[in-house]
Amino acid sequence: MTKKWFISALAALSVGGTALLQSASAAPADVKYSVNGQSFTPSVPAVEQQDHLYFPIRDLGSLLGKYVDWDEVRQTASFTDKPKLTGKYTLDHADLAEGIKFGIGSSLAHIPGDPDNVFYTTADRGPNGEIDVNGETRRTFPLPNYTPTIYKIQLDQGKISVLETIPLKINGTDPVTGSSKITGLPNLKSRDEVPYETTAQKVISYDPYGLDVEGLAYNPQDDTFWISDEYGPYLVQVKRDGTLVQRLAPQGISSELNTAALPLKDTLPAVYLDRRQNRGAEAVGITPDGKWMFMAMQSPLRNPDKSVDNSRALRILKIDLATLKPVAEYAYLTEDAGQFKDLKQSDIVISDLNVIDENTLLIDERDKNAGDAAQLKRIYAINLTDATNILGKYDEAGSSGKTLEQMSPAELRQAGIMTPLKRTVLDAVEFNYPNEKIEGISLVNGHKLVIVNDNDFGVTNPDAKENGTDLWTFELPYDLK
């Protein structure tokens, strides 16, 4: 079989697949297939029509070394060349405390003009765990004064080095630390988890300035960072020296959280207050021109309640940085858990994003497994050009009778809601990436893709000699610009 034959078959299947299958017959059972002398079996039996054999697009794409993605709504098959793994880097850093690893990797950002091997990253809210006390799960903070921090890192000779440490702080005094430095403790008793000390017996303080840092983006217009905070969900602007400037929040929360040291603007949709705890604003990104900011939720909103935890519809919000107000919202459709083995739909999440331009984003979509058990660790390029702006339209059941999160993919289509077109840029499972939480992605010069994991401060494996942070680089055989 020649490459010309493959392309011909691909075209036939893309344009007239249904008619082809209706008029075709099964291929003879004794037909054998090989590539470069190695035999293989199609995932679905080939069919024969007019003395030609046709078999699944995904098999053909795999043989040609391409990812294949199918958009049922648009009836579009996308073929994308696979990247090449170019580097592996590990973090070797002193532990924070006994049994607590040093952490980075919950975000990753590259600033234009910096060397290609220099990035900014964060850890999340600090070391934390869960302890069962008489049937109640309690959230513990063994280092309650931990300060969420931005780190400038460098990659060299297989190692990740910390070049600069930028603790997050306020122009004032934090009530927990007694200094300008903030903590990662929850903000509000009314809506956040109750924070306990290590043994889960004593409640410790809430912190109105506490941040659960998940995403990091850089705005070239004013030389500041923006952080996505899972607690709110909130978006927080930060100066390069770590000083918090302002906080964007959902409507309806300002009376509880507006503080002199961190002014709050409640410009985000009120429905975002229905976020699931620990599944809030996971990702943030800014266009290279500094005009638009995007925020993605990790999981479906609990809208109207937790019965929709298995929804495939996750929200991506577009914000005008000139006004700090949302201008668009998109329904991102995660992969169907049914195509994987023993995977819950609620365990498929968005973990980061990177903005290429106003209509093109990279989305980090993953499951909650690691190592050999991992099935979904993909970076998708999504196109928003013809995606439906649903801002303010499906926050309540309304005339449709359902909220966005209650709608199935078929119902989204029936309502005329076009979800963003997705195509695979990286399938990290194919490269045996070892960790569960790929939470930082970045793109350098349009073709160098970088991923890093959040090691959760080694809480699940405190006795390991390794830090557990792995950053890998890939070369894309094309430019994303």
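Where does N445 lie? N445 is in the loop between β28 (438–444) and β29 (448–453), where strands are DSSP runs of E, at least two residues, and helices are runs of H or I, at least four, numbered from the N terminus.

Quick housekeeping, everyone. This is a predicted model, where local features need pLDDT of at least 70, side-chain atom pairs count only at pLDDT 80 or more, and totals for chains, interfaces and linings use all residues. Residues are numbered from 1 along each chain as its sequence is written, and side-chain values use heavy atoms, with hydrogens and water left out.

Most residues other than glycine have a negative phi, and most peptide bonds are trans. N445 isn't a glycine, yet its phi is positive, about 60 degrees. At 43% relative accessibility, N445 counts as partly exposed; buried means under 20%, exposed over 50%, and partly exposed in between, with a 1.4 Å probe and protein chains only.

Q157 also has a positive phi, about 50 degrees, without being a glycine. Q157 sits in the loop between β12 (149–156) and β13 (159–167), and counts as exposed at 74%.

Now the cis peptide bonds. One joins G232 and P233, omega about 10 degrees, with P233 in the loop between β16 (224–229) and β17 (234–238). Another joins N303 and P304, omega about 20 degrees, and P304 is in the loop between β21 (292–297) and β22 (313–320).

Last up, a sheet. Three strands form an open sheet, ordered β10-β11-β14, with mixed pairing; strands pair if DSSP finds at least two bridges between them. At the edges are β10 (129–133) and β14 (195–196), each pairing on one side only.
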